[in-house]
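Colleague: I would like to go through the terms used for this fold and hear what each one rests on. Please show the structure.

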Amino acid sequence: MTKVGILSDTHGWLRDEVKQQLSDCDYIIHAGDIDNLEIIEELRQIAPCYIVRGNADKTLPVELKEREAFVIDGVHFELIHNKKMLPVCNAKTQVVVYGHTHKYVAKRDEKGVLWLNPGCCGKRRVHQEVTMMKVSLDQGNLDVKKVILEQENATQDALLEQEQKDLLVIIEEIVKRMDRNEPMEKIAHRIKRPTEFVEMIYRIKVTHPGVTSMGIYNKLEANETVTKWKKK
């Protein structure tokens with residue numbers, strides 16, 4: 001039997017509990033948004049790895065493909081960060097592993113291809129599980145296990161969640177004032193944040209019609225500005 005640990009969206013934080021879960025794995029699959037070269041090095045010390053580049057990995061000083069196809073124990077895998085960038089699977093593909101959405105998924109499509117998203121096991125978001133998955137392969141048969149990581153760093157998770165909630169409140173206030181056509185300089189003064197930050201929210205709102213406050217937060221996180229503005 002071959003054991004495979006699957007994770008994604010670590011965003012610069014490789015939890016000790018994740019490493020413990022990976023310790024008995026024969027292979028590791030990471031679906032991108034690693035955000036830290038040290039994480040790649042740590043994972044490669046545990047087991048052979050298949051890793052792709054996510055949208056948050058543009059500046060990582062390491063060669064990573066955006067799409068990877070490989071075979072483990074006779075099973076054909078395809079790996080990509082954002083499944084929207086995978087219009088067509090390879091003909092032999094049996095399992096597609098992806099990330100990006102931070103939502104756990106394990107389901108087969110109408111063609112019998114198994115789609116796996118391990119969720120996010122890095123920084124915890126508001127009202128979201130911290131998850132990864134472990135897959136056991138035995139002569140072509142797959143057993144997928146969801147791993148929920150909730151015990152370690154509970155205090156830090158709670159602080160991060162509160163920071164996210166606070167920033168979401170600010171984003172919601174900015175959006176309300178924008179809907180009332182208030183000038184950006186006035187909004188910035190009211191919420192005591194730089195005009196540059198308000199302009200960012202405005203651009204996201206205009207270029208993504210119907211986007212929610214959480215959607216705006218996710219966009220800010222994707223382009224690495226969330227941490228910057230939490231400190232303001």
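Predicted model: local features only at pLDDT ≥ 70, side-chain atom pairs only at ≥ 80, totals over all residues.

Colleague: What makes strand 7 and strand 8 a pair?

Modeller: Pairing requires at least two bridges found by DSSP. Strand 7 (residues 104-108) and strand 8 have 5 bridges in the antiparallel sense, so they meet that requirement. Arg-108, for instance, stands opposite Leu-114 in strand 8. The two strands form a hairpin with 5 residues between them, and Gly-112 in the turn has a positive phi of about 90°.

Colleague: How do you know that strand 6 pairs with strand 8, and in which sense do they run?

Modeller: Strand 6 (residues 95-97) is joined to strand 8 by 3 bridges, and the two run parallel. The cut-off is at least two, so this too is a pair. Val-97 has Leu-116 as its bridge partner in strand 8.

Colleague: Why is strand 8 called mostly covered?

Modeller: Buried means under 20% relative accessible area, and 5 of the 5 residues in strand 8 (residues 114-118) are buried. Leu-114, Leu-116 and Pro-118 point one way, Trp-115 and Asn-117 the other way. In a regular strand, side chains alternate between the two faces of the sheet.

Colleague: What makes a set of residues a nonpolar core?

Modeller: Its members are buried nonpolar residues joined through side-chain atoms within 4.5 Å. The largest such core has 20 residues, with Leu-7, Val-18 and Leu-22 having the most contacts inside it. Helix 1 (16-22) and helix 2 (37-46) each give two or more residues to this core. A second, separate core of 18 residues includes Ile-171, Val-175, Ile-187 and Ile-204.

Key:
Residues numbered from 1 in each chain as written. Heavy atoms only, no water. Buried < 20%, exposed > 50% of the residue type's maximum accessible area, 1.4 Å probe, protein only. Helix = DSSP H or I, 4+ residues; strand = E, 2+ residues; numbered from the N terminus.
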